[in-house]
Amino acid sequence: MKKLLGLNLAQLGEVAASVGLRPFAAKQMAAWLYQKRVTDIAAMTDLPKQARARLAEEGWTVGREEPVAEARSTDGTAKYLFRGVGGRDIEAVYIPDRERATLCVSSQAGCRMGCRFCMTGQGGWQGNLDAGAIINQVLSIPESESLTNIVFMGMGEPADNIEAVLRAVEILTAPWGLAWSPRRITVSTIGKLDGLRRLLDETQVHIAVSLHSPFPTEREGIMPVEKAFATRDVLAELRRHDFAHQRRLSMEYTMFAGLNDDMRHADALARLLRGTDARVNLIRFHKTPGFEGAPSDRSTMERFRDRLNELGITATIRASRGEDIMAACGMLAGKAKTNNNKTDE
Ligand code: SF4
């Protein structure tokens, strides 16, 4: 089956031409897919009946897929499991927070970056999602219409599947697509430079970089990618762009007891980020089975945050959400039965 979901206007134009429709039909198809959110080509009622029949005959479908399982946290967070690729399912996490409603989407089934503390990385990489599978997460959760923000922080490294991520961002932000402001979208990356450059140059989305240590050798111990994409090169690239105005740059810093949470780290982090307009999100580590590290305690995190703030770096402790359903940062494994008391499957 061929999916219309995930195609941009030019590609929809090619499909339209292939069944004898005029170029204008691409806009109609985009409106049906991304604005009226239909799940069946038959519902695209301003396309001639014959053309709709031909699309179906040629194997085209809308390509929407409902989640196959869901789990709800006591804090309101919901985790949705979708069929992925290569035999591995993928997850999207819905996080309501007062007037905000954020969806954390996955971009790959698994991940090949191998961050040692992360359950997604521990399970290896099974394949890339296409743009349709990324957009499907946004459109197919029950809370879709109420979403205010999207973060690419689920399973996978977005810069390692850059074509699909760029296409998904295009569909999310284009006037013929979902027409979202790029300021409501954040893409997180470990700093894979080729993909990061394209995100910086071709989109206006906010950027979050997973840093986790200011010291290269220590970072490499928890994030092997430091070897291929050194922090200093990532920061040099980021310094070429403007984050002082509407576009935001944040550094994600998961805190591990005794590993990256003393004042030496805070001071080095502040030195490293000076002049970048980056803010720091401090994240509590959620214990994963394959990593021996432990979370820093709350008072250590507060001292670390205060030190960064004193040194002129805006730092906040990010609220932890969905830990009881294994939906918090670093816990996405792509498995339905991740808790035994709240899963509604
Ligand atoms: Fe991949 Fe992100 Fe997990 Fe690292 S933290 S292994 S980049 S999903």
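**Helix packing, sheet and burial in a predicted model**

Q: What is the geometry of the packing between α10 and α11?
A: In this predicted model, α10 and α11 have axes 9 Å apart and pack at an angle of about 30°. The crossing of α10 past α11 is right-handed. Met263, His265, Ala266, Asp267, Leu269 and Ala270 of α10 meet Arg303, Phe304, Arg307 and Leu308 of α11 in this contact.

Q: Why is strand β11 called largely enclosed?
A: A residue counts as buried when its relative accessible area is under 20%. In β11 (residues 206–210), 5 of the 5 residues are buried, and the strand is therefore largely enclosed by the rest of the structure.

Q: Which residues of β11 point one way, and which the other way?
A: His206, Ala208 and Ser210 point one way, while Ile207 and Val209 point the other way; all are buried.

Q: What makes β10 and β12 partners of β11?
A: Two strands pair if there are at least two bridges between them. Strand β10 (residues 185–189) has 4 bridges to β11, in the parallel sense, and Thr186 has His206 as its bridge partner. Strand β12 (residues 249–255) is also joined to β11 by 4 bridges and runs parallel to β11; here the bridge partner of Ala208 is Ser250.

Q: Which unit do β10 and β11 form with a helix?
A: Together with helix α7 (residues 193–202), they make a right-handed β-α-β unit.

Q: What is the strand order of the sheet, and why do β3 and β14 stand at the edges?
A: The open sheet has 10 strands in the order β3-β4-β5-β6-β9-β10-β11-β12-β13-β14, with mixed pairing. β3 (69–72) and β14 (315–317) each have a single partner strand, so one side of each lacks a neighbour in the sheet. On average, neighbouring strands are turned by 25° against each other, direction ignored.

Q: What shows the antiparallel sense in this sheet?
A: Strand β4 (residues 78–85) and strand β5 (residues 88–97) pair in the antiparallel sense over 6 bridges. Leu81 stands opposite Glu91 in β5.

Q: How do you know where β13 belongs among its partners?
A: Bridges place the strand. β12 and β13 run parallel and are joined by 7 bridges, with Met251 opposite Val280. From β12 the chain crosses through α10 to β13, a right-handed β-α-β crossover. β13 and β14 also run parallel, with 3 bridges, and the bridge partner of Val280 in β14 is Ala315. β13, helix α11 (residues 298–310) and β14 make a right-handed β-α-β unit.

Q: Why are the buried residues of α9 said to line one face of the helix?
A: The buried residues of helix α9 (residues 231–238) are Thr231, Val234, Leu235, Glu237 and Leu238. Viewed down the axis of α9, they fall within an arc of 155°, so they line one face. They pack against α7, β11, α8 (216–222), β12 and α10 (263–273).

Q: What makes Phe285 buried or exposed?
A: Phe285 has a relative accessible area of 2%, against the buried limit of under 20%. Phe285 is therefore buried. The residue lies in the loop between β13 and α11. Its C-alpha atom is separated by 5.7 Å from that of Thr254, 31 residues apart along the chain. Leaving aside neighbours within four places in sequence, the contacts of Phe285 include Phe117, Thr254, Phe256 and Phe291.

Definitions and conventions
Residues numbered from 1 in each chain as written. Predicted model: local features only at pLDDT ≥ 70, side-chain atom pairs only at ≥ 80, totals over all residues. Heavy atoms only, no water. Buried < 20%, exposed > 50% of the residue type's maximum accessible area, 1.4 Å probe, protein only. Helix = DSSP H or I, 4+ residues; strand = E, 2+ residues; numbered from the N terminus. Right-handed = clockwise from strand over helix to strand, strands pointing away. Axes fitted to C-alpha atoms, helices over the stretch in contact; angles between N-to-C directions. Arc of directions from axis to C-beta. Contact = heavy atoms within 4.5 Å. Left-handed = near helix turned anticlockwise from the far one by under 90°.
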